[in-house]
Amino acid sequence: MTTTDQPPIVSELDPSTRPQDDLFGHVNNAWISTTSIPEDRSTYGSFDILRDQAEIDVRQIIEEAAKADAQAGSEEQKIGDAFASFMDTEAIEAAGVQPLEPLLERVRAVGNRTDLMLLMGEFGREGIGGLLAAGVWIDRGNPKRYLVHIGQSGLGLPDESYYRLDEHAEIRAAYVGHLARMMVLTEVAPTESHGTAIAEQVMALETQIAAAHWDRTAMRDTVKTYNLTTAEALEKALPGAGTWLGAMGVTEAGRAEVVVGQPDVVAAMSELLDSEPLEEWKTWLTWRVIRGMSRLLNEDLVEESFDFYGRTLTGAPELRPRWKRGVALVESLLGELVGRLYVERHYPERSQEQMAVLIDHLIAAYDERITGLEWMAEETRARAIEKLRAFTPKVGKPVKWKDYSALQIDPKDLLGNVRRANAIESDRELAKLDGPVDRDEWFMTPQTVNAYYNPTMNEIVFPAAILQPPFFDPDRDPAYNYGGIGAVIGHEIGHGFDDQGSKYAGDGSLSNWWTDEDRERFDAKVQALIEQYDDYSPREVSGDQTVNGALTVGENIGDLGGVAVAFHAYRLFVEQELGGEAPVIDGLTGDQRFFIGWSAVWRVVSREQEALRRLTVDPHSPPEFRANVVRNVDAFHQAFETSEGDGLWLDPADRVDIW
């Protein structure tokens, strides 16, 4: 392989920043210094570059469908007409806020608590959020069945902390102003003063709702959020729950037993429904309708909504171009239909073949590392390996596709298209309650640049769109592939063994397969990682805000295990395919190129508002700390010959090594 075959990251390395001091900066500083965040973005990096390309590819698919002389009801007609309904700005402006009127009239007609619960259920089926959220998921206690899951909801700000922390006071004030303007623009309020009065009323009610909510760290606890509840018990805790779920389409049999994520929140919401006047609840629900549907209405509403949720919360100066929002809309309505066309054009078969080999090496590396764990007893180790060997990898595309034949798309009815699509998707989800678990289902489309681990199916999923540089390229030096997609695969497998995923057995059920002593040792390692990250303050944030180690620990365990195991897998590849020694290219050893490939994945630049927001709500650490997790990995220190005093040096005794 010649040096000209190497990815641009090699020529972009920053010689003024040593990898021993800051691997993230060494690999990414030059790129960051010459990269401007697009005006319609709050962050920009490796993931976004791929998303931009996927967006362009999908746009071509959509526009070709729109130009085709498609038969009514055909896939092409639905794709083209869905896009057309969003792009017809003349019709949207002419309609103004009238498409909202039937929905708001239903709110005005509410006469009592039963009516309110009924309407929240009907709205929930159409995609308008209510006081609580309900969805169908696999039962963590018995992964051979589906159950309805109920959780906290009802807020217009990102989470409960925005309603109580002093650091968010300016956001709260801006939110009230935004809400007031939206009430005037939708003609709910005839005057600005009336709009302000409504806004303050909604804010007061949402503040009470938020006061009962669990924080994001508590929400991560997969055991505490698993509470099997009978229909009778739910109705006692929340009178009208049956009415609400029934209006969503949940049958009596389907709600006989449900999972409640936060039982005390459900009880608190019932008390609020009793204590606060019905008219205030109707005003709050009016806002839920407006907030949920404003992106589909006239430009004044769209701009006002973006001004708060975009500029204020994330710092993005400009609204995304309409065609990009139109592409996103089509994908939200017809995601797998578009996805099937996407993989036909953009996912080569050899990528699938190479990924299979790479995943085999990752599984083998995990197996070897777990087998060699000195801190884990044989009994627990055997169960861990049993779980590992039960993993199911899904790569590229689903083996079967969703059916959209029931969805009616009208090029002149944007709001109706969205409501119908949401209702059909809700019905599709509820239909699962009557059958066996569909182990072929995907929860991301193939054109999504991301990946995930699903604990109840014990599966890792990698859509086609992420299988591109800098993550993966079938034609490049394997060191970069193992450092890129290999570490991402390792990360996702690692979620099966993080602080929450480790509470699931190989069959996907919540199960304590640990000895008490091993769990204590594991928890001690987890706590050390939490404390390590609690001291990190991102470079993009002015002030003393730090990472929340407890909130991010699951992802940090994934990063740590992912890069360590991917390196082990790379060494297996080198032994098996290269005779034990990788070539030196551009003065870099294979081991060094592996870590450079890992760091390049996390090249991201963010606006300060977005960096601050993510510190509060994002379970992922800032990118620089994701890249520099290597300070815990012995192989990194060996590859770059670090020594005491280097920026990334950690005494071997302080390095956290879990898997």
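Reader: What covers the buried residues of α16?

Author: This is a predicted model, and in it the cover includes α17 (378-389), β6 (392-396), α19 (478-495) and α21 (549-577).

Reader: Which residues of α16 are called buried, and what makes them so?

Author: Buried means under 20% relative accessible area. Among the residues of α16 that count as buried are M355, L358, I359, L362 and Y366.

Reader: How do you know what span to expect for helix α16?

Author: You take 1.5 Å times one less than the number of residues. Helix α16 (residues 349-371) has 23 residues, which gives an expected 33 Å, and the helix reaches 34 Å from its first C-alpha to its last, close to that value.

Reader: Now the sheet. In what order do its four strands come?

Author: The order is β2-β3-β5-β4, in an open sheet with mixed pairing.

Reader: What makes β2 and β4 edge strands?

Author: β2 (132-138) and β4 (228-230) each pair on one side only.

Reader: Why do β2 and β3 count as paired?

Author: Pairing takes at least two bridges between two strands. β2 and β3 (residues 146-152) have seven, in the antiparallel sense, so they qualify. One example is V136, whose bridge partner in β3 is V148.

Reader: Which helix lies across β2 and β3?

Author: That's α11 (residues 241-248), running at about 65° to β2.

Key: Residues numbered from 1 in each chain as written. Predicted model: local features only at pLDDT ≥ 70, side-chain atom pairs only at ≥ 80, totals over all residues. Heavy atoms only, no water. Helix = DSSP H or I, 4+ residues; strand = E, 2+ residues; numbered from the N terminus. Buried < 20%, exposed > 50% of the residue type's maximum accessible area, 1.4 Å probe, protein only. Contact = heavy atoms within 4.5 Å. Axes fitted to C-alpha atoms, helices over the stretch in contact; angles between N-to-C directions.
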